[in-house]
Amino acid sequence: MNKKLKIIFLLGILNFVIFSSCFNLIGKAETDHEIGFTEGTELIWEITVLDLESFREIFGFDPNYELGDQIRMIIREINELTFYWNIYVEFWDYKTDWGLSGESIEILISKNPNLYEDYLFSLTPVEDYLEQVIATLPSEYYRSGLTIFKQGKSDTGMDYLWEKEFDSRGILIIETYYDEFDQIIIKSEGKFQIIPFGITFIGFTIFAIIAIIVVSIKKKNLRIKI
């Protein structure tokens, strides 16, 4: 492939990526809130921080998990209803045998942000959905990006902060409870692969294509000089 054909080919790929990205972004802006993951998605969360003494003091009981314990979930079925998204999952609680069948659980997520109920998942686009959710929730809730916070009070009368961070698919990736001094009581983190799509991924793709074009031209010029 000569120099001109190579440049035309690479520029064609670049234009296709930019066009596809813009088309997808426009399409997303016009759609309703949807489920951002697919059937068969496997999710595992692990307890990565646990202050047992603080947990007992604030909540008044012992947790049913220990540091390093994991829970597992597989998305088995997703159905769109008139007012809700219906999700069936197979669930393995802490200290259960993953070699056996998990518990079948139904999860309903309202399409109406006004009916948000501290869901495990968020609808997508996540930031837009959470922004609408916060507008109707009590003052103890607030949001930052893809993270939603809730100021709570335990049955023992002690204050705590509940933080839930979602990825771009609307899946909970980090859940953290803090005491009144902002010290972590418990943290659970997702141990699943996050696919780096979105604006950042598009930016890296465009940058990589441009870099290939520049390098190709320089190599061609170098061979001509030699």
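Q: By class, how many nonpolar, polar and charged residues does the lining of the largest cavity have?
A: This is a predicted model: local features need pLDDT of at least 70, side-chain atom pairs count only at pLDDT 80 or more, and totals for chains, interfaces and linings use all residues. Residues are numbered from 1 along each chain as its sequence is written, and side-chain values use heavy atoms, with hydrogens and water left out. Ala, Val, Leu, Ile, Met, Phe, Trp, Tyr, Cys and Pro count as nonpolar, Asp, Glu, Lys and Arg as charged, and the others, Gly among them, as polar. The lining has five nonpolar, no polar and three charged residues.

Q: What is the volume of the largest cavity?
A: On a 1 Å grid over the protein atoms alone, a cavity is a set of points where a 1.4 Å probe fits but cannot get out; lining residues have an atom within 4 Å of a point. Points are joined across faces, edges and corners, and the volume is the space filled by probe spheres set on them. The whole structure holds one cavity of 30 Å³ or more. The largest cavity has a volume of about 30 Å³.

Q: Which element gives the most to the lining of the largest cavity?
A: Tyr116, Asp118, Tyr141, Ile148, Phe149, Lys150, Trp162 and Lys164 line this cavity. With three residues, the top contributor is β6.

Q: What is the volume of the second largest pocket?
A: A pocket is an open set of grid points with protein on both sides within 12 Å along at least five of seven lines. Its lining of 24 residues has Tyr65, Trp162, Glu175, Tyr177 and Ile186 nearest the centre. Elements giving two or more residues are β1 (42-50), α2 (52-59), β7 (159-166), β8 (172-179) and β9 (184-190). The volume is about 490 Å³.

Q: How many residues of the lining of the second largest pocket are charged?
A: The lining includes 16 nonpolar residues and two polar ones. The charged residues number six.

Q: Which residues of the largest nonpolar core touch the most other members?
A: Such a core joins buried (under 20% relative accessible area, 1.4 Å probe, protein chains only) Ala, Val, Leu, Ile, Met, Phe, Trp, Tyr and Cys residues through side-chain atoms within 4.5 Å. Ile109 touches residues including Ile35, Trp85 and Tyr129, not counting those up to four places away in sequence. Among the 42 core residues, those touching the most other members are Ile75, Ile87, Ile109 and Phe121.

How values were computed
Buried < 20%, exposed > 50% of the residue type's maximum accessible area, 1.4 Å probe, protein only. Contact = heavy atoms within 4.5 Å. Helix = DSSP H or I, 4+ residues; strand = E, 2+ residues; numbered from the N terminus.
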